[in-house]
Amino acid sequence: MGTEPTVVLFHAPQTRSTGTYILLEEIGAPYELRVLNTQAGEQRQAEYLKINPLGKVPAIKDGDAIITEQVAIFIYLADRFPQAGLAPPINDPRRGPYLRWIAYYGSCYEPALVDRALKREPAPLKTSPYGEFDSMLQTLVDQIAKGPYLLGDTLTAADILWGVALNWSMRFGLLPKNAAISNYVARITKRKSFIDVSAHDTQLAAQHAAAVTPG
Ligand SMILES: N[C@@H](CCC(=O)N[C@@H](CS)C(=O)NCC(=O)O)C(=O)O
């Protein structure tokens, strides 16, 4: 009693669900990992489409509640486990900025990165959800450059979201070289949670590749 996991994470290695996996490790409460082999298409099978009809990870289940979308999942989990100290409380003056930077990830950064990765022209300035790439990124850089974390001295769930995302964005060569970004990313990638999850993800990805490789 009390230590039974209530939260289930639907995870595929080396994908956007890796950030949620790291967040759960930071939180330190019990949880259950259900791993999907996306290389084998498990995310598009009927069983998983009942969890997320879009066939995307991450998704979590907490009791009967299903939560999809990284932004919602990060806000939810950090509030659900306040003892981890990863979310400023509702009346804290940092609460608004905390929500702002988490939402900025989903509403501005993700669409901008996808446009950039596909070498697509953004929509016209007035229509594009992020305006244009350089000012979208500079706005973030100005914030993280104040350091050490997005909201100052204390690590929050927003830093796990951003640290992990900026790390893969740099590795895919989607960002200009920038010391503020790489110093910020290093603060997250040196954490035990990041190192442990990355090692597990490497193992899982190799098992998944072997499972779909003939012979
Ligand atoms: N809007 C979703 C996007 C999640 C997403 O794009 N997940 C990718 C993993 S990186 C996925 O599940 N891809 C599998 C597929 O579409 O087949 C979120 O922010 O959580």
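This is a predicted model: local features need pLDDT of at least 70, side-chain atom pairs count only at pLDDT 80 or more; totals for chains, interfaces and linings use all residues.

User: What's the peptide bond from Val 57 to Pro 58 like, cis or trans?
Analyst: That bond is cis, and its omega is near 5°. Pro 58 sits in the loop between helix H2 (46-49) and strand E3 (59-62). In general, most peptide bonds are trans. Another cis bond runs from Gly 147 to Pro 148, with omega near -10°. Pro 148 is in the loop between helix H5 (133-146) and H6.

User: OK, H6 then. How many residues does helix H6 have, and how far does it reach?
Analyst: Helix H6 covers residues 157-171, so to speak its 15 residues, and reaches 22 Å from its first C-alpha to its last. That is close to the 21 Å expected at 1.5 Å a residue.

User: And how many of the residues of H6 are buried?
Analyst: H6 is mostly covered, with 11 of its 15 residues buried. The buried ones are Ala 157, Ala 158, Asp 159, Ile 160, Leu 161, Trp 162, Gly 163, Val 164, Ala 165, Leu 166 and Asn 167.

User: What covers the buried residues of H6?
Analyst: The cover includes helix H1 (17-27), helix H3 (70-80), helix H4 (95-117) and helix H7 (179-189).

User: Pick one for me. Why is Ile 160 called buried?
Analyst: Ile 160 counts as buried because it has 26 other C-beta atoms within 10 Å, and the cut-off is 20 or more. Leaving aside neighbours within four places in sequence, Ile 160 is in contact with Gly 19, Ile 22, Leu 23, Glu 26 and Ile 188. As for Ser 182, Ile 160 is 22 residues from it in sequence and 14 Å from it in space, C-alpha to C-alpha.

User: Which residues touch the most other members of the largest nonpolar core?
Analyst: Phe 74, Ala 157 and Leu 161 do, in a core of 53 residues. The largest share of this core is nine residues, and H4 provides it. Domain 1 and domain 2 both give residues to the core, so it lies between them.

User: What does Phe 74 touch?
Analyst: Not counting residues up to four places away in sequence, Phe 74 touches Leu 23, Ile 102, Ala 157 and Leu 161. As a general point, nonpolar side chains tend to be buried together in soluble globular proteins.

User: You said domains. Where are domain 1 and domain 2?
Analyst: The domain assignment gives domain 1 as 7-85 + 193-212 and domain 2 as 95-191. Their centres, taken over C-alpha atoms, are 21 Å apart. The contact takes 13 residues from domain 1 and 12 residues from domain 2.

User: Which elements give two or more residues to the side of domain 1 that touches domain 2?
Analyst: Those are H1, H3 and helix H8 (192-212). The residues on that side of domain 1 divide into seven nonpolar, four polar and two charged.

User: New topic: what's the phi of Gln 14?
Analyst: Gln 14 has a positive phi of about 55°, although it is not a glycine. In general, most residues other than glycine have a negative phi. Gln 14 lies in the loop between strand E1 (7-11) and H1, and it is partly exposed, with 14 other C-beta atoms within 10 Å.

User: What is Gln 14 in contact with?
Analyst: Leaving aside neighbours within four places in sequence, Gln 14 is in contact with Asp 201 and Ala 205. Gln 14 and Leu 204 are 190 residues apart in sequence and 9.0 Å apart in space, C-alpha to C-alpha.

User: And Lys 119, is that one buried or exposed?
Analyst: Lys 119 is exposed, with 6 other C-beta atoms within 10 Å. You'll find Lys 119 in the loop between H4 and H5, and Lys 119 has a positive phi of about 55° although it is not a glycine.

Terms used
Residues are numbered from 1 along each chain as its sequence is written. Helices (H or I, at least four residues) and strands (E, at least two) are DSSP runs, numbered from the N terminus. The expected span of a helix is 1.5 Å times one less than its number of residues. A residue is buried if 20 or more other C-beta atoms lie within 10 Å of its own, exposed if 12 or fewer, and partly exposed in between; C-beta atoms are placed from the backbone. Two residues are in contact if their C-beta atoms, placed from the backbone, lie within 7 Å. A nonpolar core is a set of buried Ala, Val, Leu, Ile, Met, Phe, Trp, Tyr and Cys residues joined through C-beta atoms within 7 Å. Domain bounds come from an automatic or database domain assignment. Ala, Val, Leu, Ile, Met, Phe, Trp, Tyr, Cys and Pro count as nonpolar, Asp, Glu, Lys and Arg as charged, and the others, Gly among them, as polar.
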